[in-house]
Amino acid sequence: RMESPEVSSRPEPAVPNQGDQPHLKADAISFADGLAIALASTAPAYSLAAVIGSIVVLVGLQAPAALLVAFVPMFFIAAAFYYMNKADQDCGTCFAWVTRAIGPQAGWMTGWAICVTGILVVGSLADVAATSFFDLIGADSLMNSTAAVTGTAVALMIVMTGVCVWGTEISANLQKVLMVVQIVPLILFIVVALFKVWSGDAPAGSVDPSLSWLNPFEIPTGALSGAMLLAVFIYWGWESAVNLNEETEGDVDKPGLAGVISTTLLLITYVGVAFAIVAWGGVSGAGKFDDNAAILATYAKQVLGGTLGLLVLLSVVVSALASTQTTILPSSRTSLSMARAEAMPHALSEISGRFFTPVVSTVTIGVLAILWYLPSKLISENFLFDSLSALSLMIAFYYAMTGYACAFYYRRELFKSVKNLLFVGLAPVIGALLLTYLFIKSLVDWSDPANSYSGASWFGFAPPAVIGVGFLLLGAMLLLAWRIHQEEPFFKRRREVADPGLLEGKAGAAVALAGPEN
């Protein structure tokens, strides 16, 4: 159970590994490093390129409004991360928090969903980085070669897994450089495109921007939910900063604050690009790029010219490359935390005495990602896209569970102030409910195979539904098998509730999920 010392001091992070055992390196990265990693994990340039055309097709001029509405559940869940991190600075984040608030079974499934996201998405990101790089250098023969793209993607996955093992500081420094290469071209594109539209230097079909594009009430309900299914998940990934909470310098608020700020910065960037895209080519122009990630590169060449336009394509390459690395971090830290808590094999909790990183967990996620990517790529390109679509179910699941956990964990504190009720209770629950709706809506949509990328039918359902639900069922079976294998103390844990005064910094942080022997 949590301890409640009667002192008015800021809670210190619980460090599960003490004594002679190697542990994650404290104060390895700064707040700015964490913010860069949070932004990089969302792959902003690639994410925009992948979905903005489809969003415009669905909602027309109101594309910025759809991105604004999709931001709401993300911001509310970021609030849940912020307040739960105040209670427990465990690198397993959602796994540890849901375990405390709701119970070990729910916590295990939440942690499993996070691990699966890394396995499903890392290969796709590396594939995009390889393909976009060959496009950037004009190597069409390599870009169209399955062997070249696949080989390059696997090499990138190996390298980025190695960077994660090498050290958190190395990862952070690399991400700061890559983030500049991503964001600067996007800002340049936004500014120049909007200036040319306002000055009358845009092509026929351009539309003067209007603040009415931010009004979500002008979007039909069916179209809005479809756009949100696309838009809400381009914000995914910012929580990587919170997964590095044991390695971030400063007080316990910093990792959670990095998550909140990163979602806000993403909103500004995404809405700005949406305004520029719609204004430059209108709805019909963007409509030509439904399900086509070439929209950003194509528009950039028109807006900035051939040479400068390549910078935006470069940003897409760098975006996918950066996210290939940062997406490994949450999965590896979560599996480390689960192993520390005896919810997974102990080997996954091993930390390098040289690099102070979870080497076994990191390599395991990297290897599993490669093993998933290779057959997916070789079966068909459509299968790879369908497996990536299944990612949305995992994200909605563990984000929603975190929102519910926050309100439940702090349930005795919610009515002590209006701030607690709004930001610790209502906001996380609203975010969780929205994501639960999107989870169910996705499954309903995918009950019709025609709604998937490939249009294939597996057992009468679309492949993303079968893949997503299949992984959750596999997780449930592994949970049961692990529990039967040996009576682990993890599954005997009881639900907890926040100590009075924790939100005001008058109570200590939670004791780590790992036992004292670790």
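I take buried to mean under 20% relative accessible area. The model I am reading is predicted.

**Entry 1**

I began with Asp-253 and Lys-86, both of which are buried. They form a salt bridge, with the closest N and O atoms 3.3 Å apart. I noted that this pair links distant parts of the chain, since Asp-253 sits in helix α11 (residues 253-287) and Lys-86 in helix α3, 167 residues apart.

I then looked up Glu-246 and Arg-340, whose side chains meet in a salt bridge at 2.8 Å, N to O. Glu-246 is buried because its relative accessible area is 12%. Arg-340 counts as buried too, because its relative accessibility is 2%.

Next I checked Asp-445, which forms a salt bridge with Lys-441, the closest N and O atoms being 3.1 Å apart. The two are separated by about one helical turn because they are 4 residues apart in helix α17. With 22% relative accessibility, Asp-445 counts as partly exposed.

How many residues of helix α4 are buried? I find 8 of 8 over residues 94-101, so I log the helix as mostly covered under the 20% cut-off. Among the buried residues are Phe-95, Trp-97 and Arg-100. The buried residues of α4 pack against α3 (63-87), α5 (104-136), α10 (240-243), α13 (328-340) and α16. After α4 comes Gly-103, with a positive phi near 140°.

I looked at Thr-93 as well, in the loop between α3 and α4. Thr-93 is buried, its relative accessible area being 0%. Leaving aside neighbours within four places in sequence, I list its contacts as Phe-81, Val-242, Asn-243 and Asn-245.

**Entry 1: Ser-331**

I located Ser-331 in helix α13. It counts as buried because its relative accessibility is 0%. Apart from neighbours within four places in sequence, Ser-331 is in contact with Ile-114, Cys-115, Thr-117, Gly-118 and Ile-365.

Most residues other than glycine have a negative phi.

Glu-342 has a phi near 65°. I place Glu-342 in the loop between α13 and α14 (359-379), and at 23% relative accessibility it counts as partly exposed.

Phe-459 has a positive phi of about 55°. Phe-459 lies in the loop between α17 and α18 (463-485). Buried or exposed, I asked of Phe-459? At 75% relative accessibility, Phe-459 counts as exposed.

**Entry 2: surface patches**

Which residues form the positive surface patch? I find Arg-411, Arg-412, Arg-494 and Arg-495. Arg-412 lies in the loop between α16 (391-409) and α17 (418-445), and it counts as exposed because its relative accessibility is 58%.

I also logged a nonpolar surface patch of about 450 Å², made by Val-418, Leu-422, Phe-423, Leu-426 and Ile-430. Val-418 lies in helix α17. With a relative accessible area of 62%, Val-418 is exposed.

Conventions. Residues numbered from 1 in each chain as written. Predicted model: local features only at pLDDT ≥ 70, side-chain atom pairs only at ≥ 80, totals over all residues. Heavy atoms only, no water. Patch = residues over 30% accessible without salt bridge, like charges linked within 9 Å, V, L, I, M, F, W, Y side chains within 5 Å. Areas by Shrake-Rupley, 256 points an atom, 1.4 Å probe, with all protein chains shown as cover. Salt bridge = Lys/Arg side-chain N within 4 Å of Asp/Glu carboxyl O. Lys, Arg positive; Asp, Glu negative; His and termini not counted. Charge placed at Lys NZ, Arg CZ, Asp CG, Glu CD. Buried < 20%, exposed > 50% of the residue type's maximum accessible area, 1.4 Å probe, protein only. Contact = heavy atoms within 4.5 Å.
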